[in-house]
Amino acid sequence: QVQLVESGGGLVQTGDSLRLSCAASGRTFSGGPMGWFRQPPGKEREFLAVISRSGNSTYYSDSVKGRFTISRENAKNTSYLQMNNLTPEDTAVYYCAVGIYSTAASDYRYWGQGTRVTVSS
């Protein structure tokens, strides 16, 4: 099993930045691709970004490209999501996941419990 724990969420104001972290653990974690998703209130979960095992490849959804940056630190089994210039539309529960290099939630086998981000206007 792989356990994922997100942290770094909170209440911020429009224009602020936040950095989310996702720490992975477990005997079966092999450092595979890690993705970030979010679920706004009353909406479906949406893909944000994915990073390859090595960290050399990344892919972003159009909604966050240029504002969010995904990275990872393999020595710590941790992925990060740097979020800049936040707006109220970014309010959501943010999840990290481990799976294959994909934009589809169904391709990710392990999920964290989520961390809530609220952006006030």
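Tutor: A salt bridge here is a side-chain nitrogen of Lys or Arg within 4 Å of a carboxyl oxygen of Asp or Glu. The model is predicted, so local features need pLDDT of at least 70 and side-chain atom pairs count only at pLDDT 80 or more, while totals for chains, interfaces and linings use all residues. Residues are numbered from 1 along each chain as its sequence is written, and side-chain values use heavy atoms, with hydrogens and water left out.

The structure holds five salt bridges. One of them joins the side chains of Asp62 and Lys65, at 3.3 Å from N to O, and Asp62 counts as exposed at 67% relative accessibility, where exposed means over 50% relative accessible area, buried under 20% and partly exposed in between (1.4 Å probe, protein chains only). Another salt bridge brings the side chains of Glu73 and Lys76 together at 3.8 Å, N to O; in this pair Lys76 is exposed, with a relative accessible area of 53%, whereas Glu73 is partly exposed at 30%. Salt bridges that share partners also join Arg38, Glu46, Arg67 and Asp90 into one network.

Arg38 is buried, with a relative accessible area of 5%, while Glu46 is partly exposed, with 26%. The two residues are also bridge partners, Glu46 lying in β5; strands are DSSP runs (E, at least two residues), numbered from the N terminus.

That brings us to β5 itself, which covers residues 46-51 and is largely enclosed by the rest of the structure, because five of its six residues are buried. β4 and β5 run antiparallel and are joined by five bridges, and two strands count as paired if DSSP finds at least two bridges between them. These strands form a hairpin with six residues between them, and Gly42 in the turn has a positive phi of about 75°. β5 also runs antiparallel to strand β6 (residues 58-60), with three bridges joining the two, and here Val50 stands opposite Tyr59 in β6. The hairpin of β5 and β6 likewise has six residues between the strands, and in it Gly55 takes a positive phi near 90°.

In soluble globular proteins, nonpolar side chains tend to be buried together.

Some of these residues return when we look at the rings, which pair if their centres lie within 6.5 Å; the rings are those of Phe, Tyr and Trp (its six-membered ring), and planes under 30 degrees apart count as stacked, over 60 as edge-to-face and the rest as tilted. A search of the whole structure finds six aromatic pairs. Tyr95 and Trp111 form an edge-to-face pair, 6.4 Å from centre to centre with 75° between the planes. This pair links distant parts of the chain, since Tyr95 lies in strand β9 and Trp111 in strand β10 (residues 108-111), 16 residues apart. Tyr95 counts as buried at 13% relative accessibility, whereas Trp111 counts as partly exposed at 26%.

Seen together, the strand we followed, β5, is bridged to β4 and to β6.

Terms used
Helices (H or I, at least four residues) and strands (E, at least two) are DSSP runs, numbered from the N terminus.
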